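This report concerns pairs of charged side chains in a protein model. Please keep the sequence and the structure in view while reading.

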Amino acid sequence: LFIFKPTLADIKKNKASIEEDRTKVAANYDEIASLQKIDKNKEEFAQIKSTVQGYLPPTLNSSQFIVEVEGLAKKIGITIDSLSMSQTPSALSATKGKATSEADTDKKKTKSATQQNEFTISTKADFAKATELMKQMEKLSRFNKVGSLSIISIEDSKLDIKVTGNIYYEQ
C-alpha cells in the first residue's frame with residue numbers, strides 16, 4: 001500500500017500535466033489553421049497592403065500638410081495661432097503599431113517603412129467652427145490621427161483649442 005500511494009500522486013500530477021499539454025496542443029492547432037488561412041489568402045493580403053501603402057505619401061512633406069490645414073481653417077473662418085511639426089519622425093512597429101524612435105529603427109533595420117510625425121495645432125474659435133475643423137481634418141487626403149484634443153472656454157462663445165496628432169507617410 002505504501003508503494004502505491006506515491007505512484008497514485010504521480011499519476012494525478014501527470015493527468016493534470018497531460019490536460020495542460022492537450023490545451024496547448026489545441027491552441028497550436030488553432031494557430032496553424034489561422035496561418036494556413038493567411039497563407040491561402042497571401043495574394044489578397046498583398047493587394048490590400050499595396051492599396052493602403054498607395055494612400056500614404058512617399059515623403060513627410062509637412063509643408064503640404066500645413067498648407068492643407070491652413071486652407072481648411074481659412075475656408076471655415078478660423079485663424080490658426082500656431083501649427084508645429086515634430087522634428088523627429090518615428091517609425092511604426094510592424095507588430096503593435098507603436099512608434100519607435102528613428103535611432104531604434106536604425107538599430108533594428110525593421111521592414112516597416114511607415115513613418116509618423118507629430119503635429120500640434122492651436123487656435124481660438126467658437127464650438128461650431130472647431131467641430132467643422134475636426135470634421136474637415138478627417139476628410140484630408142492625407143492620413144492623420146488626432147491623439148488629443150484640448151478645449152478650454154476663454155470667453156462667452158470663444159474656445160481655446162489645441163489639437164495634437166500624427167500624420168503618416170512611407171519612407
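The sections below describe the basis of the model and then its salt bridges.

## Basis of the report

The model is predicted: local features need pLDDT of at least 70, side-chain atom pairs count only at pLDDT 80 or more, and totals for chains, interfaces and linings use all residues. Residues are numbered from 1 along each chain as its sequence is written, and side-chain values use heavy atoms, with hydrogens and water left out.

## Salt bridges

Side chains of opposite charge can pair when their charged atoms come close. The structure contains four salt bridges (a side-chain nitrogen of Lys or Arg within 4 Å of a carboxyl oxygen of Asp or Glu).

## A pair within a helix

One of the salt bridges joins Glu-19 and Arg-22, at 3.0 Å from N to O. Both residues belong to helix α1 (residues 4-40), and because they are three residues apart there, about one helical turn separates them. Helices (H or I, at least four residues) and strands (E, at least two) are DSSP runs, numbered from the N terminus.

Glu-19 is partly exposed at 45% relative accessible area, whereas Arg-22 is exposed at 54%. Buried means under 20% relative accessible area, exposed over 50%, and partly exposed in between (1.4 Å probe, protein chains only).

Lys-124 and Asp-81 form a salt bridge of 3.2 Å, N to O. This pair links distant parts of the chain, as Lys-124 is in strand β4 (residues 114-125) and Asp-81 in strand β1 (residues 80-85), 43 residues apart.

Lys-124 also forms a salt bridge with Asp-160, where the closest N and O atoms are 4.0 Å apart. Asp-160 lies in strand β6 (residues 159-170) and Lys-124 in strand β4, so this pair ties together parts 36 residues apart in sequence. Asp-160 is partly exposed, at 27% relative accessible area.
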